[in-house]
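Dear colleague,

Please read the notes with the coordinates open beside them.

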Amino acid sequence: MARRVLVLGGGTGGTLVANRLRRRFPASELAITVVDGDDRHLYQPGLLFVPFGLAPARRLVRSRHARLLPDVTFHQGRVAHVDVETRAVTLESGDRLPYDVLVVATGARLVPEETEGLVGPGWREKVFTFYDMPGATSLTGALASFDRGRLVVGFVDLPIKCPVAPLEFAFLADWYFRRRGLRHRVDITFVTPLDGAFTKPVASAALGGLLAEKGITLATEFATGEVDGAGGRLVSYDGREIPFDLAVMVPLHEGPAYLAHSPGLGDELGFVPCDIHSLQSKASPDVFVVGDGADVPTSKAGSVAHFEGDVVVENIACHLRGEPPLAQFDGHTNCFVETGFGRALLVDFNYDTQPLPGHYPGPVGLPLMRRSRLCHAGKRLFEPFYWHVLLPGYDVPGITSAMPRAGKEFDKEA
C-alpha cells in the first residue's frame, strides 16, 4: 500500500515539495495530497509592482490545482486541527485526513488588527499595505492621485514575508515620483524597528547609504504601537511620532490560527518550531515544515522555501527508509532588491554568513551587493522561472540549497 504524504498549504513551499516528491516517487509508492482553503495561487513578489503600474494584478494569480503534477491530489478545505499523536488532520468540514508524513507549508498571514488603529479610520484611504492583493490594487489609485506631502513606508515588526520588500517600495516610490516630476514635493521616510536599514551589518550599511543617496529619511528603532489614520501619525511605544499624508505599512505576521491550537505543533504565533537544519518538527519525527511557517532564524522569502524544499524532500525520503534525516539546510537565502531606475541588487547569505559583495552562484555570475541592470532583469524574469521551473519541481543546474562560498568577498565581512 502506498504511504500517505499530506501537505498543508498549496503555496510556494507546499507546491514544489509535492511536485518534487512526485518526480521522485511513483504514485504506487507514495500518495500525495495537498490541502488548501482556496484554489488561488498568488505570485507574491509581483505585489510590489502592482501599485506602480508595473505588473497587472490579474497575471499574478493562477489555479493551485493546475500547478500540481498528475497524480498529486488537491483537496480544497480549511484545516481545523492537527493531531500529531494519531497522525491525522481534521478540516473545518469535518473531513479527517490521515497521514504517514505531514508537511506543514501554510505560510504566514497578515494580522493588521493586532496594531492599534491600523485598520481603523483612514484604512485604504490614506493607510495601506501592498502585502495582499486588495491593498496593492487600492494603493495604485492612491499613489496616482498623490502629488505632494509626506509618504511614510515601513513595517511594524519582524518576522514578515520578504523583509527587503518595504525597502524596495521606498526605492520604487522615489523612482515613481521622480518620473512624474513630483519628487521635490514628496518627502519619503522609511520607518523600521531595527537599528539600521536591514538586519545584517554589511547589507544594512549599503542599503542605508542607498536610502540617503535617494533623499529618503531613515527612522530607526521606531516600534510602531499605533497608527492614527485620521490624524496622520505613526506613534511608537516610546511616544515618538512620525506624521504622514500617506502611509504604506507592512502589518504584523502570524501563522494560521489552527497551528497555535494544535498541541505541540505550533507556537503562540502559529509558527512551527523545528530543527533549523533538518526542518523536522520538534513535535514529531514524521512532521516536516517548509516556507514562511518554519520558525527558523532566516528570512521568510520565496528562495528560502525553494532551498528548504530540496532539504525537506531529501529528508522525507530518508524518513520513509527508516533513516535519520541526512540533508541539512544552512539558512541559504537570496533575493533581488529592486532599487528603481531599471536596476536592482542581489543579496545572498545564510545562517552564518551575511550578505557580501562578489558574484552568485560563483566567481562568474550575477553581481552581489551592487546595483545593475542585469539584476533588475533577473528580478523581472523570475516570474516565468517561478511558474515554469520552480513550482513544477525541476532541478536547476548550478543552483543548490547550500549557499555557495565561491565568488564571495569574505574579507569584506564585518
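To begin with one side chain, Glu323 is partly exposed at 35% relative accessibility, where partly exposed denotes the range between buried (under 20% relative accessible area) and exposed (over 50%), computed with a 1.4 Å probe on protein chains only. Its partner in a salt bridge is Arg321, with the closest N and O atoms 3.2 Å apart, and Arg321 is likewise partly exposed, with a relative accessible area of 46%.

Please bear in mind that this is a predicted model, in which local features need pLDDT of at least 70 and side-chain atom pairs count only at pLDDT 80 or more, whereas totals for chains, interfaces and linings use all residues. Residues are numbered from 1 along each chain as its sequence is written, and side-chain values use heavy atoms, with hydrogens and water left out.

Salt bridges

Taking a salt bridge as a side-chain nitrogen of Lys or Arg within 4 Å of a carboxyl oxygen of Asp or Glu, the count comes to 21. One of them joins the side chains of Asp245 and Arg150, at 3.2 Å from N to O. Because Asp245 lies in the loop between strands S17 (241-243) and S18 (246-250), while Arg150 belongs to strand S12 (residues 149-155), this pair ties together parts that are 95 residues apart in sequence; helices (H or I, at least four residues) and strands (E, at least two) are DSSP runs, numbered from the N terminus. Asp245 is partly exposed at 32%, and Arg150 is partly exposed at 35%.

A further salt bridge links Asp174 with Arg178, whose closest N and O atoms are 2.8 Å apart. The two residues sit four positions apart in helix H3 (residues 165-179), and are therefore separated by about one helical turn. Asp174 is buried, at 1% relative accessibility, whereas Arg178 is partly exposed at 41%. Both belong to a network of salt bridges that also includes Arg183 and Lys214.

Backbone

Most residues other than glycine have a negative phi, and most peptide bonds are trans. Against that background, the peptide bond from Leu158 to Pro159 is cis, with omega near 5 degrees, and Pro159 is found in the loop between S12 and H3. That loop also holds Cys162, a non-glycine residue with a positive phi near 50 degrees.

Tyr360 and Pro361 are also joined by a cis peptide bond, with omega about 5 degrees, and Pro361 lies in the loop between strands S25 (358-360) and S26 (366-368). Finally, Phe341, which is not a glycine, has a positive phi of about 60 degrees.

Best regards
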